[in-house]
Amino acid sequence: MKYVWPLNLFLSCTLPRLPEAADGYSALNVGDNYVEPPKSSYLILTTTAIIKLHTFLRPSKTVVRLVVIWGGFGLMAGLTQHPILGSNDPIKEKPLSSLEDKVVKSGGGQIEKDMAPVTGSSIHRSGSRPQLDLSKAAIQGTFEERDPTILLPNQSDHLSHLALDIGGSLIKLVYFSRREDQAIDDKRKKTLKERLGISNGCRRSYPVLGGRLHFVKFETIKINECLDFIYSKQLHRGGMDARIWNPDAPINENAVIKATGGGAYKFADLFKERLGVGLDKEDEMNCLVAGANFLLKAIRHEAFTHMEGQKEFVQIDQNDLYPYLLVNIGSGVSMIKVDGEGQFQRVSGTNVGGGTYWGLGRLLTKCNSFDELLELSQRGDNRTIDMLVGDIYGGMDYSKIGLSASTIASSFGKTISENKELEDYRPEDISLSLLRMISYNIGQISYLNALRFGLKRIFFGGFFIRGHAYTMDTISFAVQFWSKGEAQAMFLRHEGFLGALGAFMSYEKHGLDDLMVHHLVERFPMGAPYTGGKIHGPPLGDLNEKFVRKGTEITAPVPMDPPGTTGLGGFEVPSSKGGTLRSDASALNIGVLHLVPTLEVFPLLVDPKTYEPNTIDLSDHSELEYWFTVLSGHLPDLVDKAVASEGGTEDAKRRGDAFARAFSAHLARLMEEPAAYGKLGLANLLELREECLREFQFVDAYRSIKQRENEASLAVLPDLLMELDSMSEETRMLSLIEGVLAANIFDWGSRACLDLYHKGTIIEIYRMSRDKMQRPWRVDDFDAFQKRMFGSGDKKPRPHKRALLFVDNSGADVVLGMLPLARELLRRGTEVVLVANSLPALNDVTAMELPEIVAEAAKHCDILRRAAEAGGLLVDAMVSNLDGSKENSSSVPLMVVENGCGSPCIDLRQVSSELAAAAKEADLIILEGMGRALHTNFNARFKCDALKLAMVKNQRLAEKLIKGKIYDCVCRYEPIS
């Protein structure tokens with residue numbers, strides 16, 4: 001039974017003490033865990049997000065009631081579990097004042113209600129108020145917390161899910177889907193939160209707990225395809241999951257969809273007829289500005305420049321965004337001075353715009369479409385039509401006033417002096433001359449308005465741009481020419497969706513206001529509709545829909561166009577491409593924006609604004625080609641591991657083949673256009689591979705390998721610890737760092753390391769690696785690090801207060817390398833936080849796996865045991881009290897936090913809230929492994945001491961980064977300045 005309310009609710013949740021069941025156990029079911037019911041029988045919860053409550057009701061007379069305070073009225077939704085039938089009886093709505101008088105607390109934690117149930121199958125509601133969906137509800141957090149969050153993942157709200165911009169040529173659609181993974185709540189997490197000072201009571205409340213923002217476009221002439229798409233995903237009903245959606249449920253007759261553009265008026269009746277919803281019209285200019293403001297503030301690499309076919313992404317400081325000039329080039333041109341949120345004015349414009357180009361072009365060339373006209377311009381030569389400065393001055397420059405011979409003196413000017421008819425001129429030349437005439441004038445007028453108001457930034461968008469390389473080049477040239485290089489034209493990746501996004505934000509409770517740039521992660525699932533014309537079809541929820549059967553072969557969709565089409569709507573384009581600068585050469589793919597409000601900026605970065613995680617610059621085509629070759633070469637082995645991790649079933653083989661084809665298609669697209677997915681670094685490529693694996697439901701391709709290597713390493717750990725304990729402090733520290741570097745050789749992402757696995761067992765390879773550890777290493781700052789740890793002479797430095805150890809691989813790397821180092825720091829009185837991946841990536845250890853590894857290691861070491869207990873890691877583990885070391889150790893904690901990502905690399909601009917909280921008292925960072933210390937963060941600077949440790953397992957990287965060779969080691973110590 002479903003009950004639905006809008007967003008921004010104040011909920012008073014009355015949870016009476018549950019009577020004991022036959023087995024004497026009284027509990028609420030939260031996810032898969034049983035937890036004790038709240039000590040208080042009256043729990044107040046507030047939230048501004050969609051929330052959901054799920055109470056586990058045993059077959060007994062248990063009552064759970066919700067009080068919803070809204071607009072001065074409350075509604076008591078009493079869900080009474082019938083002891084036999086298990087049915088839910090609804091309770092009438094009453095005014096708040098009356099309701100408060102009737103709610104009294106009685107002995108034994110029971111609540112008496114003087115409210116009579118009504119008959120029927122739905123809650124009585126006034127007007128068109130929507131209903132609250134309580135199916136599959138769950139409480140996030142523990143009942144000991146002051147204000148635990150209640151999640152309503154199946155809540156269907158008729159607002160804030162879909163918005164449209166219906167233009168004369170294109171329909172742009174923005175919709176939101178909620179897919180929040182339920183947090184695993186256990187005693188270890190609770191202990192960690194308490195130690196780090198994290199609690200729901202002080203946690204920021206976000207309007208959106210998590211979800212995805214999708215961008216889709218259709219041709220307006222194919223509006224029925226758009227309506228079918230909306231209906232198939234039930235976006236007009238709140239986008240309910242297909243598995244729980246009831247197609248027979250009555251439609252809310254008052255439901256509306258926000259829309260802008262002329263089509264919002266033209267097609268209003270069609271939407272009402274086909275979908276049963278009304279269109280709430282929003283002002284186009286308001287939507288345009290709101291959409292631009294959001295994108296420029298929230299998307300890291302949204303803006304870019306475009307000169308001579310080269311794109312360069314520009315990072316905009318959101319604190320220095322305003323004022324700016326927004327030039328929207330549609331049929332005509334509007335120039336808008338934007339001073340802030342909701343503060344803008346149209347300061348100028350021109351009637352010579354996209355409509356002029358298309359209209360004159362159609363008359364002069366007989367082209368049938370805008371795209372065809374643009375395509376013609378790629379093969380044109382405007383010198384046959386335009387009068388140039390050189391035509392006037394005998395091929396010479398007019399250097400006195402700074403005009404080159406190739407400067408256009410008069411568009412179409414040459415035609416007046418030639419005895420030719422229209423048919424004597426090539427359509428290609430006419431199209432190019434027309435394009436330049438209009439683009440140059442728009443660029444000039446835009447710059448003059450920016451100069452008039454002293455604006456530093458000019459952003460161009462609108463139907464005329466459409467990601468067209470030559471159009472952007474001509475506008476950029478005009479701005480550069482008239483400003484003498486002092487100003488630049490900038491463009492937006494999502495420029496076609498400004499209006500639709502602005503309409504989405506016009507919902508009163510859209511939930512995007514509080515989002516920051518670090519809360520948004522853009523991903524490119526193979527099933528998503530890509531703007532720019534490379535991948536077809538709507539986002540697919542069912543894995544089976546991701547495959548295409550051709551005869552007996554099953555393949556995944558690839559980012560290639562069917563002949564003569566581009567984009568989701570199948571826009572008609574000519575087959576010929578013309579010169580090197582194609583009309584679609586700059587088509588930028590639009591992915592899905594994942595809203596993750598729990599991500600934060602790592603607080604120990606010296607300057608987050610200038611921080612660049614990627615060490616390797618893939619703008620160098622040869623570098624890009626090399627790493628594409630490496631990833632392609634590693635693909636067969638990765639597929640084998642992925643299929644084996646799923647039992648080698650036929651379904652797993654099918655998905656493995658599809659993953660390989662999909663990822664290869666991504667690589668092909670990026671090789672063709674490296675900026676297609678935004679600014680590209682090696683870390684982005686590696687993360688794309690992991691996301692693609694997860695898309696095809698390979699959760700942990702190296703699961704069995706990691707488990708086997710962990711067991712082998714744990715078996716020899718006691719002997720290693722005994723050997724270390726026999727050494728002096730300073731000798732032991734050197735041996736520990738050697739051990740970390742030697743153990744870092746185990747990396748299933750490295751081809752060189754894959755070859756090593758065929759030559760011996762994990763322990764044999766580790767010992768071989770240890771034997772080859774000879775100083776000096778290629779980058780060797782160990783002496784400086786040792787001095788910081790032990791001082792010199794009689795002067796002993798204070799120990800670090802808290803160390804963050806970013807761990808890398810499972811097996812020997814973490815067990816024989818990082819754990820012994822963590823143990824030494826604990827011995828010295830330093831708190832240790834092991835930072836690991838939130839999601840699996842290659843053979844990297846995850847935060848979910850680490851507690852079990854630590855528990856096993858603690859069986860043989862009293863230092864680890866006491867620290868793990870203090871850090872809450874051994875709450876659920878049975879650990880033997882064996883004293884692996886007789887030395888006394890303070891009970892400083894050993895903790896584990898997840899880093900917020902699922903990649904071999906890490907971008908410290910987006911880390912988990914747990915890690916951000918742990919970092920606030922940290923004064924030592926140890927980054928280990930190629931992905932976290934070399935591929936990314938090699939040049940990162942921190943507000944505390946930092947040690948970067950890695951063995952280089954790639955010859956090219958060794959040569960480029962440290963001028964060394966494969967298996968060289970890096971021990972880079974950077975003390976706090």
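**Salt bridges in the predicted model**

Searching the whole structure turns up 53 salt bridges. As a rule, side chains of opposite charge can pair when their charged atoms come close.

Take arginine 379 to begin with. Its salt bridge is with glutamate 375, and the closest N and O atoms sit 3.9 Å apart.

Another pair brings together glutamate 428 and arginine 426, whose side chains meet in a salt bridge at 3.8 Å, N to O. Here glutamate 428 counts as buried, because its relative accessibility of 14% falls under the 20% cut-off. Arginine 426, on the other hand, is partly exposed at 40%.

Then there is lysine 960, which forms a salt bridge with glutamate 623, with 3.5 Å between the closest N and O atoms. Lysine 960 belongs to helix H26 (residues 955-962) and glutamate 623 to helix H13 (residues 621-645), so this pair ties together parts that lie 337 residues apart in sequence. As for accessibility, lysine 960 comes out as partly exposed at 46%, and glutamate 623 is buried at 3%.

Back to the arginine pairs: through salt bridges that share partners, Glu375, Arg379, Arg426, Glu428 and Asp429 are joined into one network.

Notes: Residues are numbered from 1 along each chain as its sequence is written. This is a predicted model: local features need pLDDT of at least 70, side-chain atom pairs count only at pLDDT 80 or more; totals for chains, interfaces and linings use all residues. Side-chain values use heavy atoms; hydrogens and water are left out. A salt bridge is a side-chain nitrogen of Lys or Arg within 4 Å of a carboxyl oxygen of Asp or Glu. Buried means under 20% relative accessible area, exposed over 50%, partly exposed in between (1.4 Å probe, protein chains only). Helices (H or I, at least four residues) and strands (E, at least two) are DSSP runs, numbered from the N terminus.
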